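Reader: I have a model open and some terms to sort out. Can we take them one by one?

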Amino acid sequence: FGSFFIDYSLLPLLVQHNYVDAAKQGLFRGPGRDEGQQLERLARAAGAVSDMDLVGRAILGADQHWELLPAQAMSAVRVGSLVQGFQ
């Protein structure tokens, strides 16, 4: 039986720490986008990181809204999709 543990409060921090480096390997190397479009996508990724942190606080807050875990996961996926990292 495979079990694992993930610290939900650490996940937004890990994504925030690495998404700019991922963008350097993906989004900023891709052809066909001007600098304005690249920065717009990076700004949207930063917004998704912020959303992920807010959802994480709701999950682990006083009311513990565990039903928001899929929303936190989708925010992490959204960040990766926007920066198109490590292609």
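Author: Start with a helix pair. The axes of α2 (residues 35-60) and α3 (residues 69-83) come within 9 Å and cross at roughly 165 degrees. This is a predicted model, where local features need pLDDT of at least 70 and side-chain atom pairs count only at pLDDT 80 or more, while totals for chains, interfaces and linings use all residues. Residues are numbered from 1 along each chain as its sequence is written, and side-chain values use heavy atoms, without hydrogens and water.

Reader: What makes α2 roughly antiparallel to α3?

Author: Angles run from 0 to 180 degrees between N-to-C directions. Over 145 counts as roughly antiparallel. The crossing is at roughly 165 degrees, so α2 is roughly antiparallel to α3.

Reader: Which residues of α2 and α3 make the contact?

Author: Contact means heavy atoms within 4.5 Å. Among them are Ala45, Ala48 and Met52 of α2, and Ala76, Val79 and Val83 of α3. The contact residues divide into 13 nonpolar, four polar and four charged.

Reader: What makes a set of residues a nonpolar core?

Author: Its members are buried Ala, Val, Leu, Ile, Met, Phe, Trp, Tyr and Cys residues, joined through side-chain atoms within 4.5 Å. Buried means under 20% relative accessible area (1.4 Å probe, protein chains only). The largest such core here has 13 residues; Tyr19, Ala45, Val79 and Val83 have the most contacts inside it. α2 gives the most to this core, with five residues.

Reader: What does Ala45 contact, leaving aside neighbours within four places in sequence?

Author: Ala45 is in contact with Tyr19, Val79, Leu82 and Val83.

Note on methods. Helix = DSSP H or I, 4+ residues; strand = E, 2+ residues; numbered from the N terminus. Parallel < 35°, antiparallel > 145°, perpendicular 65-115°, else oblique. Nonpolar A, V, L, I, M, F, W, Y, C, P; charged D, E, K, R; others polar. Buried < 20%, exposed > 50% of the residue type's maximum accessible area, 1.4 Å probe, protein only.
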